[in-house]
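Let's take a friendly walk through this model together. Please keep the sequence and the 3D view side by side as you read.

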Amino acid sequence: MAITSANQLELLQTAEAVAREKMLDPGLVVEAMEESLARAAKSRYGAEMDIRVKIDRKTGRATFTRVRTVVEDEELENYQAEMTVQQAKQYMADPQVGDTFVEEVPPVDMGRIAAQSAKQVILQKVREAERDRQYEEFKDRAGTIINGVVKREEYGNVIVDVGAGEGILRRNEKIGRESYRPNDRIRCYVKDVRREQRGPQIFLSRTDPQFMAELFKMEVPEIYDGIIEIKAVARDPGSRAKIAVISYDGSIDPVGACVGMRGSRVQAVVNELQGEKIDIIPWNEDQPTFLVNALQPAEVTKVVLDEEAERIEVVVPEEQLSLAIGRRGQNVRLASQLTNLDIDIMTEEEESARRQKEFEERTKLFMDALDVDEFFAQLLVSEGFTNLEEVAYVELDELLVIDGVDEDTAGELQARARDVLEAQAKAALDRARELGAEDSLIEFEGLTPQMIQALAEDDIKTLEDFATCADWELAGGWTTVDGERTKDDGILEPFEVSLEEAQNMVMNARVMLGWVDPAELEAEEASEEVEVQADA
């Protein structure tokens, strides 16, 4: 087809119609048309030519122009789109490198193939513009609740019409055995919005813990206003959930506000979550107190917190054990997710038996190592001594408080303890050398002979081997996989090496080997200190 006066206005009308249908700027559609016409013109005049098209936004008239750029003589490569300064003089008065010469060329008659190509360009450009608009509209809605209409179900995944786009609710993001039919209304949490090749992908969820938090925000005005804050959420979707809340207004009970009059507020959330039972718990900065609250309705007798290992031991009466653990471990699992701690639950009888076992083991250690009778070894354990290092290097006064211990006895005890420790250290060092541990590792400050033996047994025999270790490989740590925390055992964990100590030792080894510049390290540490102070 030729671009004639008869179809000039039709171009603009088509652009406006497409723009209205796709909710786009008409200018974008016109630009797509200009590009498509330029491509058709190049197929007519030659692909090497720089043909440009401009459509008048009022009349719809398309102007075809050929552009040639002035270049240096030696840079002339494409004579159809470029010309030298000398060649340009016949068209321009004073041509300079970089100038462009524009001349109008006749409009093209578009054959069937060229017209089809132009149509494809327009459709592609419109699709790209539509994707950009969708992404811009939804990228800031991640982390919010959205209402939609079910369009169809594909292999268990639900495709949801969310207005100006489509979202996907994957099978594993649905609650229990939820099923939907086309045109059902659905409420979901926007988990993520990603720009992908096929266009923006809007990932929805009904199982995400934050879905429940957002539902409470909608039902409880005090949460929306910031008077009450949701500090933590843990869910077993479709079955049970726990939510921890705190009030910043002393006159407002956070639990009562979330429950509502006769349970109206929490019931609205429960209904949306397919009858999921919800425990609303007051949040507390003191972790043991918070854990006691989190394990409700079970009663807790005693809590022992190990902050470094992020573990907590909970002692409950025998009759409360099944309630504290919950069906299939649900109650303790949710409490663990809520507090972000690994929880060990034991009965009072089990705790008593464990303490008795530890008492007997320490008693035997002192009897064998220090050559003392059972009664005296029990006295040491009762006074809080747990290992030989404490006996060997403690202040003498701490031994003198034990009944029947004078200075001579205390001195003899410490001498025996040191002799045993020295013998153990020598044996460990000999064993490490047998395994191939080199002097570079043995002489490294901060490692005891027993640590060196443990490293050598794990095939870490040189300072270079040690310097390549990660801090968690040495001190141990925790990994969360699919919501379950699993323990990673550290090589030096039995020696109570903390993550920070492991990090410092590895970094010192790297500095000694010249892998890290100490000046850069100091600058980085200073920068971190400044950031911490700024945050404070």
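Is Cys258 buried or exposed? Cys258 counts as buried, because its relative accessibility is 0%. Bear in mind as we go that the model is predicted. Another cysteine to look at is Cys469, which is also buried, with a relative accessible area of 6%; both values fall under the 20% cut-off used for that word. As for disulfides, searching the whole structure turns up 0.

Let's turn to the aromatic rings. A pair of such rings is described by how far apart the centres are and by the angle of the planes. The count of aromatic pairs here is 2. One of them joins Phe444 and Phe466, whose centres are 5.5 Å apart and whose planes make an angle of 50 degrees, a tilted arrangement. Phe444 sits in the loop between α17 (439-442) and α18 (449-457), while Phe466 belongs to helix α19 (residues 463-467), so this pair ties together parts that are 22 residues apart in sequence. Both phenylalanines, Phe444 and Phe466, are buried.

A ring can also meet a charge. If you move to Trp283, you will find Lys231 over the face of the ring, at 4.5 Å from the ring centre.

Strand β6 (residues 157-161) and strand β7 (residues 166-169) run antiparallel and are joined by 4 bridges. Across this pairing, Ile159 in β6 stands opposite Ile168 in β7. Between the two strands of the hairpin there are 4 residues, and Gly163 takes a positive phi near 100 degrees.

Methods:
Residues are numbered from 1 along each chain as its sequence is written. This is a predicted model: local features need pLDDT of at least 70, side-chain atom pairs count only at pLDDT 80 or more; totals for chains, interfaces and linings use all residues. Side-chain values use heavy atoms; hydrogens and water are left out. Rings of Phe, Tyr and Trp (its six-membered ring) pair if their centres lie within 6.5 Å; planes under 30 degrees apart count as stacked, over 60 as edge-to-face and the rest as tilted. Buried means under 20% relative accessible area, exposed over 50%, partly exposed in between (1.4 Å probe, protein chains only). A charge sits over a ring if NZ of Lys or CZ of Arg is within 6 Å of the ring centre and within 35 degrees of the ring normal. Two strands pair if DSSP finds at least two bridges between them. A disulfide is a pair of cysteine sulfur atoms within 2.5 Å.
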